[in-house]
Amino acid sequence: MNMADRSDEGAAMRTQTTTTFQHATGEKPAAVARSGWNGSRIRPVAFWATTLVIVFELVAGSVWNLVPIEWVEAQLRHLGYPHFFAYVLAAWQAGAAIAIIAPRLPLIKEWAYAGAFFLWSSAVASHLIVGDSLRTWGVPLVFGACAIVSWALRPADRRLPQTRLRRERRANAGQDRAGPAETRLRAWAVPIGLLVVVYAVSFLTLPAAEAMTHGWAVELGWIDE
């Protein structure tokens, strides 16, 4: 093999190596981009899914406690709580639902999330203390978990500045006072509309809910047939 052939072979090997390296380095950013795209989509979907679950439960709970329906009265007697406790719960549940679904209001949201978690964790503890089965305390446990997920995934404009993630602090630097547009009627239209719909559904389905929960209370032995 002469020097020209060796030169051509070396050049071919270098070209192949360069192509392979470029291909490998080109795949990595693409993979990272795909991962970032998926993460950027999954996070808000998970946030709104869990947020809507807890808001709907808070609204329905406030309606059930405000009436209150037979299921609520039987459960309060079973757990040893006074009757008026239902009205206290109704007021705080309504307030928490409004605070969580409303735009901004980060400090009030912190208290609303804390109150919602306290509500459902206390329900779990109360049922466990009287010896109830998973059937009764499993539901508030799920709602408590949804409250934690919603709180952890809330976007930057729903967080206190000191609780924002580092990347969110950089992205929102200097924008905290750019709030007038967010607080206009348009920003409140969707939350208000959603609350109206959820409350309407809760009141309209109240007869069906009473019939369903009556059966549950009978099965659990809280009331007679």
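Tutor: A residue is called buried when its relative accessible area is under 20%, exposed when it is over 50%, and partly exposed in between, using a 1.4 Å probe and protein chains only. By that scale Trp216 is partly exposed, because its relative accessible area is 34%. Before going further, keep in mind that this is a predicted model, in which local features need a pLDDT of at least 70 and side-chain atom pairs count only at pLDDT 80 or more, while totals for chains, interfaces and linings use all residues. Residues are numbered from 1 along each chain as its sequence is written, and side-chain values use heavy atoms, with hydrogens and water left out.

Rings of Phe, Tyr and Trp (for Trp, its six-membered ring) are paired if their centres lie within 6.5 Å, and a pair is stacked if the planes are under 30 degrees apart, edge-to-face if they are over 60, and tilted otherwise. The whole structure holds 5 aromatic pairs. One of them joins Trp71 and Trp216, whose rings are edge-to-face, with 5.6 Å centre to centre and 80° between the planes. This pair links distant parts of the chain, since Trp71 belongs to helix H2 and Trp216 to helix H8, 145 residues apart; helices here are DSSP runs (H or I, at least four residues), numbered from the N terminus. Trp71 counts as buried because its relative accessible area is 13%.

A second example is the pair of Tyr81 and Phe85, which is stacked, at 5.1 Å centre to centre and with 20° between the planes. Tyr81 is partly exposed because its relative accessibility is 34%, and Phe85 is likewise partly exposed, at 27%. Returning to the tryptophans, Trp71 and Trp216 form one aromatic cluster together with Trp222.

A nonpolar core is a set of buried Ala, Val, Leu, Ile, Met, Phe, Trp, Tyr and Cys residues joined through side-chain atoms within 4.5 Å. The largest one has 21 residues, and Trp120 is among those that touch the most other members, along with Ile54, Val55, Leu58 and Ile100. Helices H1, H3, H4, H5 and H7 each supply at least two residues of this core, with H3 giving the most, 6 residues.

On a 1 Å grid over the protein atoms alone, a pocket is an open set of points where a 1.4 Å probe fits, with protein on both sides within 12 Å along at least five of seven lines, and its lining residues have an atom within 4 Å of a point. The largest pocket holds about 1,300 Å³, a volume filled by probe spheres set on points that are joined across faces, edges and corners. It is lined by 45 residues, and Trp120 is one of those closest to its centre, with Glu57, Asn65, Gln93 and Leu119. Helix H4 supplies the largest share of this lining, 12 residues.
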